[in-house]
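Hello,

Here is the structure I promised to pass on to you. Please have it open while you read, and my notes on what turned up follow below.

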Amino acid sequence: MLKNRIIPCLDVKDGRVVKGINFVKLKDAGDPVEQAKIYSDGGADEICFLDITASNENRETIIDIVRKTAKECFVPLTVGGGVRTIQNITDLLLAGADKVSINTAAVKNVDFVKEASKKFGSQCIVVAIDAKKVLGNKWEVFTHGGRNKTGIDAVDFAKKVEENGAGEILLTSMDKDGTKSGYDVDLLKTITNSTNIPVIASGGVGTLDHLYDGIVKGGASAVLAASIFHYGEFKIKDAKEYLNSKNVSVRL
Amino acid sequence: MNVTIVDYQSGNISSVINSFTEVAKGKVNLEVTSDINKIKSCDKIVLPGQGSFKSCVDSLHKISGLVDTLRDFAITNKKPLLGICVGLQMFADVGYEEAETKGLGWIAGKVSRIDNQNGKFKLPHIGWNEIEIQKESKIFKDIKNKSHMYFVHSYEFIPDDKSVISATTDYSSKIVCSVEKDNLFGTQFHPEKSDKIGLKVIDNFLKL
């Protein structure tokens with residue numbers, strides 16, 4: 001039976017791990033390579049780096065981090081942030097990333113998703129969707145780390161990226177991100193029910209119960225969290241043991 | 001011992017290189033190449049594969065003499081070869097990803113899309129799943145039944161002769177996740193991404 005994945009996410013800015021609240025306030029949380037190694041040794045099912053600097057002049061920094069991490073961590077490594085061109089993807093994959101996550105560039109031009117998945121295979125193309133609730137059960141896609149409104153409906157967009165070859169969707173609720181009040185379960189449920197590719201839940205985890213909700217109530221195939229792991233509140237092992245005790249299958 | 005990872009410009013093989021380098025450290029001489037002469041003279045081959053069946057087969061054929069060299073190595077000379085993911089799938093006669101494409105024809109069978117029961121199972125099959133060992137395999141030495149391995153694929157290899165199957169995994173049905181036929185080894189899962197247990201599979205292959 002396929003196991004539900006737990007993915008610690010390391011938001012990286014200028015070579016350091018940071019974690020913001022609602023995408024804005026940043027706090028230093030350490031060296032990315034060291035942290036990735038701790039997570040991998042601790043049983044993380046995947047590691048995710050999100051480069052939130054993502055300006056062109058700093059691309060070498062994240063590539064160097066990926067290169068070092070990939071030599072020490074033998075679990076899948078996903079890297080996102082500023083992925084805009086086929087060359088960006090090639091560079092990250094050559095450095096040792098297994099998947100790349102595309103956000104703004106996918107919204108601007110969904111053909112980029114198609115081109116990338118055709119060239120590298122769907123297995124390494126993750127589309128990151130940042131969604132914010134507008135009214136009732138409607139969510140809108142935002143880009144540029146949550147700064148820009150697009151007017152695009154999140155459900156329509158999720159279906160569209162699936163059709164264009166995305167292998168997974170990394171779904172972040174911007175209303176919840178950094179709040180520690182739990183995932184937006186309605187958003188998750190809506191997207192997991194409208195698509196046939198795995199969805200990774202992101203944004204809002206504050207307790208282990210939230211991970212349970214993301215999987216069981218939201219239908220996510222994987223749960224991503226940052227701050228609950230970074231500041232030592234919980235270890236990956238705690239999360240897995242908790243989920244296992246509640247009959248959610250995980251890799252122990 | 002000289003081991004070659006075949007670099008035929010298809011997909012991302014960095015992880016394969018990293019993991020084999022880690023395990024081979026100080027024990028095995030590892031080379032990443034598409035040089036026919038080097039491939040001919042090595043002791044073992046690793047054939048990775050990412051992307052579609054068609055794109056991988058096409059890429060193999062783009063390198064002049066590579067397919068014949070691999071065949072001589074694995075089939076005529078019966079030297080150990082490990083195919084990973086699409087590298088394993090290409091052992092088949094035919095694959096149906098993108099378009100019907102002829103495989104290497106080393107193990108009779110076909111590669112078809114996983115029957116996901118009308119969307120009941122999400123595809124790709126991504127993540128950690130347990131392997132169920134079906135027969136003793138040299139690459140599973142000291143690996144427990146039900147160990148977790150990392151998978152990413154939407155297509156499965158269906159061999160005609162079921163006796164080549166060394167392990168299956170449960171995802172909508174029993175999917176073939178590894179084969180062993182004489183000197184030919186293949187894993188649908190990614191040992192290079194399967195943590196310490198995956199490195200053990202690599203170690204077993206290198207120690208053959």
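**What I found**

With 23 C-beta neighbours inside 10 Å, B:Asp195 counts as buried. The cut-offs for that word are these: a residue is buried if 20 or more other C-beta atoms lie within 10 Å of its own, exposed if 12 or fewer, and partly exposed in between, with C-beta atoms placed from the backbone. B:Asp195 belongs to helix α6 (residues 195–207) of chain B. Its phi is positive, near 60°, in a residue other than glycine. As for the names, helices (H or I, at least four residues) and strands (E, at least two) are DSSP runs, numbered from the N terminus.

Before going on, please keep in mind that this is a predicted model, in which local features need pLDDT of at least 70, side-chain atom pairs count only at pLDDT 80 or more, and totals for chains, interfaces and linings use all residues. Residues are numbered from 1 along each chain as its sequence is written, while chains are lettered from A and ligands numbered from 1 in the order in which they are written.

A:Asp14 sits in the loop between β1 (5–13) and β2 (16–18) of chain A. A:Asp14 counts as exposed because it has 12 C-beta neighbours inside 10 Å. Over in chain B, the peptide bond joining B:Leu123 and B:Pro124 is cis, with omega about 0°. You will find B:Pro124 in the loop between β7 and β8 (125–133) of chain B.

**Where the chains meet**

The contact draws 28 residues from chain A and 30 residues from chain B. Contact here means that the C-beta atoms of two residues, placed from the backbone, lie within 7 Å. On the side of chain A that touches chain B, helix α3 (residues 86–95) of chain A gives the most, with three residues. That side of chain A has 14 nonpolar, seven polar and seven charged residues. In this count Ala, Val, Leu, Ile, Met, Phe, Trp, Tyr, Cys and Pro are nonpolar, Asp, Glu, Lys and Arg are charged, and the others, Gly among them, are polar.

**Helices in chain A**

Two packed helices are described by the angle between their axes and the distance between the axes. For helix α2 (residues 59–70) of chain A and α3(A), the axes come within 8 Å and cross at roughly 30°. That makes α2(A) roughly parallel to α3(A); angles under 35 degrees count as roughly parallel, over 145 as roughly antiparallel, 65 to 115 as roughly perpendicular and the rest as oblique. The axes are lines fitted to C-alpha atoms, for helices over the stretch in contact, and angles run from 0 to 180 degrees between N-to-C directions. A:Ile63, A:Val66, A:Arg67 and A:Ala70 of α2(A) make the contact with A:Asp91, A:Leu92 and A:Ala95 of α3(A).

Helix α6 (residues 154–163) of chain A and α7(A) have axes that come within 9 Å and cross at roughly 35°. The residues in contact are A:Ala154, A:Val155, A:Ala158 and A:Lys159 of α6(A) and A:Thr190, A:Ile191 and A:Ser194 of α7(A). They divide into four nonpolar, two polar and one charged. A:Asp156 also has its place in helix α6 of chain A, and A:Asp156 is exposed, with 10 other C-beta atoms within 10 Å.

Which residues of helix α8 (residues 208–217) of chain A are buried? They are A:His210, A:Leu211, A:Tyr212, A:Gly214 and A:Ile215. Their cover includes α7 (185–194), β10 (199–202), β11 (222–225) and α10 (236–245) of chain A. After α8(A) comes A:Gly219, with a positive phi near 80°.

**A sheet in chain B**

Chain B has an open sheet of four strands in the order β6-β5-β7-β10, with mixed pairing. Two strands pair if DSSP finds at least two bridges between them. At the edges stand β6 (101–102) and β10 (155–159) of chain B, each with a single partner strand, so one side of each is left without a neighbour in the sheet. Strands β5 (residues 94–95) and β7 (residues 109–113) of chain B pair in the parallel sense over two bridges, and B:Gly95 stands opposite B:Val111 in β7(B). By contrast, β7(B) and β10(B) run antiparallel, joined by five bridges. There B:Lys110 stands opposite B:Ile158 in β10(B).

Best wishes
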